[in-house]
Amino acid sequence: MNEVKTPKKPLIFYYAIVIIVLLLLNLFAVPAMMQRSIVETDYGTFMDMTEEGNVGIVEVQSNQILFTDKSQEHIYKTGLMNDPGLTERLHESGAQFGSVIVEQTSPIVSFIVSWVLPIVIFVVVGQLMSRYLMKKAGGGPGSMSFGKSSAKIYVKSTSGIKFADVAGEDEAKENLIEIVDYLHNPQKYASIGASMPKGILLVGPPGTGKTMLAKAVAGESNVPFFSISGSEFVEMFVGMGASKVRDLFKQAKEKAPCIVFIDEIDAIGKKRDNQLSTNDEREQTLNQLLTEMDGFESNNGVIILAATNRPESLDPALLRPGRFDRRVPVELPDLKGREEILRVHARKVKADPNVDYNVIARMASGASGAELANIVNEAALRAVRSGRSTVSQADFEESIEVVIAGYQKKNAILTDKERQIVAYHEIGHALVSALQSHTAPVQKITIIPRTSGALGYTMQVDTGNHYLMSKEEMIEQIATLTGGRAAEEVACGTITSGASNDIEKATKMARAMITQYGMSEDFDMVALETVSNQYLGGDASLACSPELQADIDRKVIDLVKSQHEKAKQLLTENRHKLDQLAQYLYEKETITGDEFMQILNA
Ligand code: ADP
């Protein structure tokens with residue numbers, strides 16, 4: 001879509017112009033107005049004029065002689081000569097000795113310079129400033145609050161985003177198609193008496209296509225699209241944000257039917273609470289938004305879309321019916337969604353026709369739309385780097401690893417012993433996983449260091465979609481996570497710092513099982529933790545007594561410890577396979593899941 005912007009010049013621009021005009025006046029115009037021209041003559045002419053008695057006033061300076069004619073109309077200038085009798089001759093010719101006034105201030109010029117010019121400058125500067133401020137204020141008539149919405153306006157264009165560009169997210173699209181239909185044909189709804197929701201809130205993790213969906217609604221319905229980020233309303237001065245909101249809605253009503261999209265609405269829509277650090281500006285902005293949303297009729301053709309990653313932090317007044325009365329979840333794509341998104345983006349690159357997008361989508365489990373777009377682009381870049389004309393399956397697979405773990409670190413020099421330990425560590429994960437029954441198959445194991453700091457990793461890929469996790473699966477996943485360290489203990493007789501990430505993940509999972517999923521007998525179905533940012537990593541905070549906390553910690557430790565023991569036992573029982581596989585990985589550096597299974601089952 002095309003973005004239309006009114007060019008806006010900062011105040012400093014006008015000041016600069018005034019200063020430049022003043023400088024030019026001073027340099028050229030004023031001196032020129034005030035100076036009489038001086039005619040340069042030779043000494044002979046001067047002597048002739050003296051003899052003829054034509055010299056009016058004469059002034060002998062240290063390096064030149066200035067003189068006028070009798071009528072004092074012209075000023076002449078000539079150089080000095082060794083002329084002893086000059087003074088007498090001048091005296092005899094009737095010349096007056098005095099100073100020749102070169103600069104002459106005519107009364108008109110001096111009046112202009114000292115009176116008219118300053119007044120003109122003041123008036124001009126005043127005019128420019130008031131015009132600038134009026135433009136900024138933009139609010140209701142008479143309001144002197146500064147603040148104009150800086151919403152970007154997109155107008156319809158042929159390159160606009162359409163629903164077809166947004167892959168997956170079928171539920172969200174279904175919801176929004178209704179809006180498009182309404183914007184095309186409002187009478188259909190009005191005749192029955194149905195009114196469209198005024199506001200629709202798109203919620204979901206970052207990069208899932210919320211902005212894209214909003215643009216697609218505008219693109220499909222061919223109406224103007226105002227886009228502004230919540231943070232753009234937040235200003236230093238109380239009242240500015242509110243004025244911006246007013247301005248935005250004023251513009252929107254003029255352009256109706258249209259769509260107003262407020263990205264990251266949590267920046268202004270946070271719950272108003274009684275905390276000590278109140279934020280008057282934010283509250284005023286929010287109040288203004290609430291008032292504006294109440295203020296317009298529901299069928300006037302202005303639809304407000306807003307997006308946020310933190311719906312739980314929004315003020316309930318904003319979420320009540322009549323304002324944002326519809327909430328559309330835009331979740332991370334599932335397997336089918338991921339495959340579709342990959343296909344949409346792969347259309348933009350020259351991909352090998354044999355690429356199996358299903359495999360790539362399975363490998364990229366948990367990736368958002370934005371990450372998938374990035375994966376496709378990384379794959380294309382890799383193809384260019386290796387001088388190929390199409391993007392191959394291997395490019396896609398490698399680029400997933402780049403997104404997960406960073407680039408290969410070609411020149412990382414690990415000692416032989418370190419590589420051996422890393423090989424055992426990774427095979428430990430894979431083997432513990434393979435020896436249990438509720439785990440995802442191993443896809444790939446590698447001990448090539450990555451720029452993320454990982455010295456190797458084991459990629460496990462689920463065969464299908466996974467919406468629920470059973471207790472067994474979670475327990476086995478903890479065992480798999482401890483498998484790396486267990487292998488070091490069983491085979492190398494040492495433990496290393498390489499397990500820190502595994503430890504973190506295993507602890508997090510064990511804690512979640514106990515505090516959030518009710519998977520321990522003692523606590524039953526009691527929530528001991530509350531998750532605050534569901535879409536942003538899901539940080540949890542404990543919500544129980546200190547005694548219970550100690551109990552929880554004990555249980556977490558017991559759970560992880562028992563799985564660690566189980567992993568060690570599994571590996572000890574399969575020590576021969578462990579050695580064989582680790583040796584194979586050590587030599588090959590990267591092995592596929594199939595190779596792994598072949599050796600395991602041999
Ligand atoms: P959000 O607003 O949810 O953070 P965006 O809409 O800005 O995410 O998406 C960022 C980018 O990710 C888009 O420009 C697009 O390339 C890609 N993307 C995300 N979701 C999808 C999707 N469902 N289909 C196609 N591309 C997507």
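Which residue is the bridge partner of Lys444 in E14? In this predicted model, the partner is Met459. The pair belongs to the contact between strand E13, residues 442-446, and strand E14. Four bridges join these two strands. The strands run antiparallel.

The sheet around this pair was examined next. Three strands make up the sheet, and the sheet is open. Their order is E14-E13-E17. The pairing is antiparallel. Strand E14 (457-460) and strand E17 (590-592) stand at the edges. Each has a single partner strand, so one side of each is left without a neighbour in the sheet. Neighbouring strands of this sheet are turned by 10° against each other on average, with direction ignored.

A further open sheet holds five strands. Here the order is E2-E5-E4-E3-E6, and the pairing is mixed. Strand E2 (38-40) and strand E6 (96-97) are the edge strands. Each of these pairs on one side only. Strand E3, residues 55-60, is joined to E6 by two bridges. E3 and E6 run parallel. Val58 stands opposite Phe97 in E6.

The ligand site was then considered. The ligand is surrounded by 16 residues. The closest are Ala167, Gly207, Lys210, Thr211 and His345. By class, the shell divides into seven nonpolar, six polar and three charged residues.

At Ala167, a polar backbone atom is 2.8 Å from a nitrogen atom of the ligand. At Gly209, a polar backbone atom is 3.1 Å from an oxygen atom of the ligand. His345 takes part through its side chain. An N or O atom there is 2.8 Å from a nitrogen atom of the ligand. On its own, the ligand has 560 Å² of accessible area, and the protein covers 79% of this area.

Where does the shell come from in the chain? Helix H7 (210-221), helix H12 (335-346) and helix H14 (369-385) each supply at least two of its residues.

How values were computed
Residues are numbered from 1 along each chain as its sequence is written. This is a predicted model: local features need pLDDT of at least 70, side-chain atom pairs count only at pLDDT 80 or more; totals for chains, interfaces and linings use all residues. Side-chain values use heavy atoms; hydrogens and water are left out. A residue is near a molecule or strand if one of its heavy atoms lies within 4 Å of it. A polar contact is a pair of N or O atoms within 3.5 Å; within protein, one must be able to donate a hydrogen and the other to accept it, and residues adjacent in sequence count only if both atoms are side-chain atoms. Accessible areas come from the Shrake-Rupley method with a 1.4 Å probe; for residues, only the protein chains shown count as cover. Ala, Val, Leu, Ile, Met, Phe, Trp, Tyr, Cys and Pro count as nonpolar, Asp, Glu, Lys and Arg as charged, and the others, Gly among them, as polar. Two strands pair if DSSP finds at least two bridges between them. Axes are lines fitted to C-alpha atoms, for helices over the stretch in contact, and angles run from 0 to 180 degrees between N-to-C directions.
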